[in-house]
Amino acid sequence: MNFKAVITIFITLSCAICCNKKKGQAEKEPKIKIQPTVEKSEAAAEIIKLNLSELLSSLFTESKPSILSNLNEWTKIAERIKGSINEYQKLKISIYGIRYDKEVIHVKARVELKVQTQTKKHIGIIAHFDSAWEEQDDGSFEILSIGKPEKLTLNESPQLWFANQTNQILGSEPVFQNHLSKGLDHWLLRIESIHGIDAFINNGVALGDFNGDGLDDLYICQPGGLPNRLLMHSADGTLVSSNVTGSDYLDHTSSALFVDIDNDGDQDLCLATPSGIVLLENDRGEKLMLRGTLQTDDVDCHSLTATDYDLDGNLDLFITFALGSLSATNESSFQFDDARDGGSNQLFKGNGKWSFSEVTDLTGLSTSNDRHSLAASWHDFDLDGDPDLYIANDYGFNQLFRNDIDNGKRSFKEIAELVGVQDRGAGMSVSWGDYNRDGLPDVYVGNMYSNAGNRITNMPDYLSESTNALKKNYRRFAKGNTLLVQNKKGSFQDFGPNVSMGRWAWSSIFADINNDGWEDLLVANGYISGPVQDDL
Amino acid sequence: MPLGNAGIGPGLGNSNPANQLQRMVRSGSSFSGNESHVVFLNEKGENFKDISSITGLDYDDDGRSVCMSDWDRDGDLDVWISNRNGPQIRYFRNDSPNLNKSIIFSLVGKTCNRDAIGARAVLRSKGSLSQMRTITAGSGFLSQSTKALHFGMDSNDKGMELTIHWPGSEIQKVNNVRPGHYIIEQGSEPKTLKIKSSFKTNPTPKIEPVDRTLLAQVLPIKSIFSLTNNDLKTPILLSMTRNDCEQCNYQKKAWEKNPPKGLTIKILNSEKLSKNNPELLELFQLTYDHFYEVISRQIPTPVSFLVSTKGNLRAIYRGVIDQNTLSEDLLRIEEGKLDLRNLSLPFGGIWASKSNPTARPLNFVEDLLDAGKLPAAESYIASEKNTLIQDEVFPMLLERLNALKKERRP
């Protein structure tokens with residue numbers, strides 16, 4: 001059933017607590033207690049969602065049920081999308097709140113409508129609304145009332161802002177046809193898991209000008225058993241596989257960077273793999289030569305970033321880890337809202353000539369270095385001339401390390417709480433910008449938004465035996481992305497809910513997409529669309 | 001949040017919810033899937049508006065990385081998004097209506113690092129607020145965008161001024177900047193970026209990879225499919241078919257007409273087995289699942305197992321088997337030292353890790369026990385005792401088996 005997966009995970013959250021309490025009783029496996037009200041209300045939410053979809057689909061048509069046509073605001077919406085082309089009509093209902101009040105079920109939902117008119121105009125409407133329902137004896141639900149559409153967002157454009165040109169750029173490339181056009185679920189059935197491929201694996205992408213022709217090329221990382229691909233940007237804009245040797249690593253590669261490690265004017269390549277950071281020197285844009293592998297303490301690598309933290313002219317590398325060596329053992333102290341059993345992130349200081357020193361401890365970055373770190377980004381947030389480090393951690397608090405000089409030595413100090421950027425949650429992505437052009441850097445953090453999570457964690461009996469503070473933490477996990485605004489130097493504030501709903505967000509970044517000088521936000525999202533479409 | 005990691009923690013066994021969730025995903029379920037990407041438009045720094053519906057970026061992919069670059073050199077930022085599902089990468093050309101012009105700077109460090117990573121540039125113009133951009137390497141989630149700094153121009157000011165804060169505190173001012181893409185070497189005047197050469201390549205011919213795995217792991221299997229020494233005088237191919245499967249029928253006819261030499265073929269039918277011998281059908285699926293990170297997913301049929309004369313499972317074929325591939329594989333499977341790791345993969349490449357994966361029959365017995373296949377596990381242990389006994393945790397496996405047997409007894 002659809003809702004089972006969702007329930008499962010939010011029950012997991014409550015289970016994580018009881019498991020922590022039961023430390024040392026490994027042989028007694030926790031029994032899942034699904035509270036009947038959660039299961040019942042989730043089942044109701046699923047059916048009511050279908051009913052609402054059907055009801056609001058009538059907005060596209062001439063005949064509307066009186067419950068809608070009686071409300072002027074819904075009629076206005078219907079007017080806007082009147083006469084649109086059937087095949088482009090899209091409607092999506094998300095239920096993010098459900099509350100039982102005796103016999104009446106109060107539902108909070110959001111509707112997204114998308115149409116294209118006969119005149120090829122694109123219209124998108126988002127609205128929030130309340131509705132009330134009653135369960136019938138036969139298990140069906142009848143609507144009692146529907147509220148006005150509120151918090152209306154209306155978009156109109158003579159054309160779409162972006163055109164999917166993947167086929168034009170890549171369609172005739174065999175590497176795309178045979179390999180990259182197929183997703184993880186295809187390869188999971190074909191590559192032995194022992195090579196380092198699994199259903200939850202994440203692999204990144206890097207852009208950089210590998211052959212120095214002025215055009216960015218693309219490197220796409222792959223799970224274990226599939227080769228990473230270096231694809232070259234040709235003069236006509238298409239992307240073609242290269243004759244460059246030494247780029248096609250088969251190890252799981254979470255992240256890659258094009259950077260000029262040896263400062264010789266061309267882009268070298270660094271790869272984050274379970275075996276360490278693979279350092280590859282660019283040899284005249286023709287081949288890549290292995291210059292060494294920086295050994296890491298953990299294997300569940302995620303983000304790889306480059307900076308020059310000590311301003312000596314040599315690039316340094318920072319790698320993050322989610323799981324650590326303790327994570328899967330009974331020594332672990334995994335706690336859903338404050339996990340401290342993660343891997344150890346590591347900083348490698350560049351000494352030039354392909355030599356690196358591990359300086360995590362030396363620079364103070366080993367403070368609280370036990371979280372599940374999925375992303376990191378360097379930025380001089382205090383404008384004092386050296387790069388500081390923000391780390392987005394899953395299951396808990398994020399970290400901001402300020403780059404200081406202490407007795408003539410570089411040293412990082414963790415100040416996330418001090419400046420207000422802890423953003424406790426499921427941190428998955430970091431991007432810095434200055435969205436309000438006040439000259440002070442702001443940071444956008446990718447998190448998880450979940451309708452089901454919002455429904456379940458806001459139910460009255462969710463974690464009924466736990467403290468309010470804990471409930472709040474868990475709710476926070478379903479809240480979504482956070483824009484942390486630097487209002488005055490060294491002090492950040494949460495921008496609020498308008499930029500939160502990025503769904504199950506991964507890369508969430510600043511970019512000015514319409515050249516108006518103001519940085520917009522792009523969010524790539526979606527967790528797992530498996531071959532079985534059984535989620536909500 | 002990769003929930004794949006959520007199952008960790010003390011005292012969590014197979015029945016804990018997070019592990020259940022992992023099992024669901026491995027068996028093909030969706031979780032917060034089919035979600036469309038989101039774009040928030042910055043409304044002059046005061047608010048953000050969800051404009052996803054008119055951007056054309058709102059695909060229902062499982063997106064991961066987002067990388068920006070002015071790919072087509074028309075002055076606006078185009079987007080690359082990578083996905084968990086296929087296609088693994090999409091390119092979106094920026095066609096935004098009513099665009100302003102832009103200025104793009106590529107910076108080259110002289111005294112600082114050559115990529116000028118960490119350099120901050122501030123663009124000031126009369127009549128609008130300043131803009132600030134910094135060169136980063138790695139941001140978002142597992143993403144690296146272009147290093148070129150992009151400024152949209154919301155001003156017609158002809159006297160715009162760029163201030164570059166190079167890493168290491170050197171400050172450089174550039175006056176009267178105009179729309180275009182420039183390259184600035186530390187301390188020098190901007191030059192218009194020239195595209196030096198056009199990259200060309202000889203198109204590589206399209207080669208369909210053969211849909212089979214010549215297994216990296218050599219796993220003894222004869223007891224599972226009750227193969228006797230007599231059966232194993234030649235290699236044997238166990239081919240699972242379905243009734244309503246065109247490829248299965250095609251394959252069957254091709255073999256009848258032209259039987260492959262040097263091996264025995266045994267055709268199984270999943271419908272028949274589910275009636276007569278469901279245990280064997282389940283063991284077939286379980287064997288498939290053992291090698292891959294999947295559980296009980298529908299395998300493309302026909303699917304065939306090639307077993308060597310030593311009784312080891314050596315190759316798994318999906319779909320119609322090409323005769324040439326089969327002949328080549330027959331030569332390979334009985335050989336000794338081969339680069340099994342690389343032979344097992346659909347595409348070639350280099351490994352950073354040195355360790356070569358090998359089969360661990362004990363894990364296979366664990367799979368049998370997890371699935372409650374006690375008799376099959378017992379006969380496997382009996383058949384492969386010499387190998388299993390070398391595994392240091394073998395005594396614990398026997399303990400688990402005995403415990404399970406006790407549970408079974410009424």
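Biologist: Which residue is the bridge partner of Ile183(B) in S14(B)?
Modeller: Happy to look! In this predicted model, local features need pLDDT of at least 70, side-chain atom pairs count only at pLDDT 80 or more, and totals for chains, interfaces and linings use all residues. Residues are numbered from 1 along each chain as its sequence is written, while chains are lettered from A and ligands numbered from 1 in the order in which they are written. Strands here are DSSP runs of E with at least two residues, numbered from the N terminus, and two of them pair if DSSP finds at least two bridges between them. S13(B) and S14 (residues 191-192) run antiparallel with two bridges, and the partner of Ile183(B) is Lys191(B).

Biologist: Which residue in the turn of the S13(B)-S14(B) hairpin has a positive phi?
Modeller: Five residues lie between the two strands of this hairpin. The phi in question is about 85°, and the residue is Gly187(B).

Biologist: What is the bridge partner of Phe105(B) in S13(B)?
Modeller: Strand S6 (residues 102-108) of chain B pairs with S13 (residues 180-185) in the parallel sense, over six bridges. Within S13(B), the partner of Phe105(B) is Tyr182(B).

Biologist: Over in chain A, why is one side of S23 and of S26 left without a neighbour in the sheet?
Modeller: The open sheet has four strands in the order S23-S24-S25-S26, with antiparallel pairing. S23 (429-433) and S26 (491-494) of chain A stand at the edges, so each has a single partner strand.

Biologist: And which residue of S26(A) is the bridge partner of Gln486(A)?
Modeller: S25 (residues 482-488) of chain A runs antiparallel to S26(A), joined by four bridges. The partner of Gln486(A) is Phe492(A).
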